[in-house]
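Here are some notes to read with the model open beside you. Have a look at it first, then work through the points.

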Amino acid sequence: VISDAVGNTDSAENEAKGEEWRDVIKRKELQADDAGFLYASLAGFRTDLILSKEKGADDFLEYWVSQTRTGQDDLHLNPKERSAFLQNRFKMIIAKVEYFMSGVRLAHFGRFEDAVHFFQYFQQAFPAHEVLNNLGYVHLKLARKHMPTSSRYRYWMPTLMENMPPFVVPNRSFGSALPPIAQKNLRQAITYLSKAVRTGDNRISSRINLATAFLYLNEHHKARSVIEEARNIAPQDKTVTEMRALILYEQEKEIDMWPTAIRLLKEIAVSDEPRTWYNLARLYENRGRKKQADIYWQKVVSLSHQVPADILRIACHKIGAPVNRCANTNQYQGNISSLVNLELPAGTDIGSAAAKKYLKGWQHQHKNIGPLPVDLYIANNGNSYLAVDYQLSLAVVKSHSYKTTADLLNCCGKPISTEKLGQAELWSYGSGWSVLVDQDKVREFWVSDFDT
């Protein structure tokens, strides 16, 4: 009898362990679904269509799950159960991705303090390389905001767009002149960017940003170590080479690395790249070679449509160019709301009668992101509005008539400036709107109430 009792106890314990093991397998399967869907969303795929009520989407998830051929057993959810679970999970993930992308858009339009809260919110759910790098990037921008102009505009750093400056006074070093708030943001940037590097991801963006933060703090050896790591990953990358040239010049105070830095920059300056020309002009200027510096200032001005307005003013000032030459004549003069059929302009109060009427039926979420009350509205066609503090701060238009970049150029001319965003590009047209393009395809229009 005692033996039977012991046997029954062992059997019950084994059964409990087996049930626990089966639950672990199911959880891992669902976590894999989460991760795959999230990365697809971050990559720009219209994952929201999976949850659409159109075109038989309700049946798609069940059909897709059934094609995994896992069958229904103790280790796997059946297709209906898994489909129902994924419907709920994917809705939450899509919303989180939108908050992440809202942080990207806010940062692009210069609202760095707000962007920090969105990235921190997303980090709680998914502390991956992308969000850590972006948190570091935003703190770099906040640090630069509080730097004296002699440090902020000494070089045109890779991956960093520029803000409005007075004209620059040359200075051989960075860190000693930085106010405490700039140094604090640089330290926060280093914390996030170091975590991004430690994720094991071999992308160079976080390493370039980390090297930039160290360089601003005059921690040259750390900057050199990080950029050499990036060089091992991507030895032919021009951005890495450019950053390495600047670090070499700044690092070796007792050794004349100016010729080496000049040589490296000239090797990559064969194409129309105004940032490299700007940095060459700076290095020649540092050496007192005005004639050579002016050659590169002229080159920067010649590509005015690719140069941020503040950088363009610096270059024009250096060569005494007339004001009209420094103005970007390509800026689109039309109304962005009419261009993309934007019913509610950015800045509209969400409590207004017009907003309530137009947004009725849109997916709506209200959250507090850090200290900010945030409302997110998403339409079935993918268009969305983001309200911060009850004002429509961002509009994203994914449903539009501009299919290719040729269509966009025919309509609006060349952008005022461009910047990389992953594998895509952002074309900025001023007056608070930009366009996300991927190769020759027009993906999204971004409209902000914050005039850049």
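The points below go from the overall picture to helix pairs and then to single residues.

1. Ground rules. This is a predicted model, where local features need pLDDT of at least 70 and side-chain atom pairs count only at pLDDT 80 or more, while totals for chains, interfaces and linings use all residues. Residues are numbered from 1 along each chain as its sequence is written, and side-chain values use heavy atoms, with hydrogens and water left out.

2. Overall picture. The protein has 18 helices and 8 strands; these are DSSP runs (helices H or I, at least four residues; strands E, at least two), numbered from the N terminus. Of its 452 residues, 52% count as buried, meaning under 20% relative accessible area with a 1.4 Å probe and protein chains only (exposed is over 50%, partly exposed in between). Take the contacts (heavy atoms within 4.5 Å) between residues at least 6 apart in sequence: 58% of them join residues at least 24 apart.

3. H5 against H7. The axes of helix H5 (residues 129-145) and helix H7 (residues 180-198) come within 8 Å and cross at roughly 165 degrees. The axes are lines fitted to C-alpha atoms over the stretch in contact, with angles from 0 to 180 degrees between N-to-C directions. That makes H5 roughly antiparallel to H7; the label is for angles over 145 degrees, with roughly parallel under 35, roughly perpendicular 65 to 115 and the rest oblique. The H5 side of the contact includes His-129, Leu-132 and Tyr-137, and the H7 side includes Ala-182, Tyr-192 and Lys-195. By class, the contact residues are 12 nonpolar, 6 polar and 1 charged. Here Ala, Val, Leu, Ile, Met, Phe, Trp, Tyr, Cys and Pro count as nonpolar, Asp, Glu, Lys and Arg as charged, and the others, Gly among them, as polar.

4. H10 against H12. How do the axes of H10 and H12 cross? Helix H10 (residues 238-251) and H12 have axes that come within 11 Å, crossing at roughly 15 degrees. That makes H10 roughly parallel to H12. Thr-239, Glu-242, Leu-246 and Tyr-249 of H10 meet Arg-275, Thr-276, Asn-279, Leu-283 and Asn-286 of H12. The tally for this contact is 3 nonpolar, 4 polar and 2 charged residues.

5. Pro-274. This proline lies in helix H12 (residues 274-286), and counts as buried at 2% relative accessibility. Leaving aside neighbours within four places in sequence, Pro-274 is in contact with Trp-156, Val-300, Leu-303, Gln-306 and Val-307. Its C-alpha is 9.9 Å from that of Leu-312, 38 residues apart along the chain.

6. H18. Which residues of helix H18 (residues 405-412) are buried? They are Thr-405, Leu-408 and Cys-412. Seen down the axis of H18, these fall within an arc of 55 degrees, so they line one face of the helix; the arc is that of the directions from the helix axis to the C-beta atoms. Their cover includes helix H16 (336-339) and strands S6 (424-428), S7 (433-438) and S8. Just after H18, Gly-413 takes a positive phi of about 75 degrees.

7. Ser-448. This serine lies in strand S8 (residues 441-448), and at 8% relative accessibility Ser-448 counts as buried. Leaving aside neighbours within four places in sequence, its contacts are Phe-109, Ala-346, Ser-393, Leu-394 and Gly-432.
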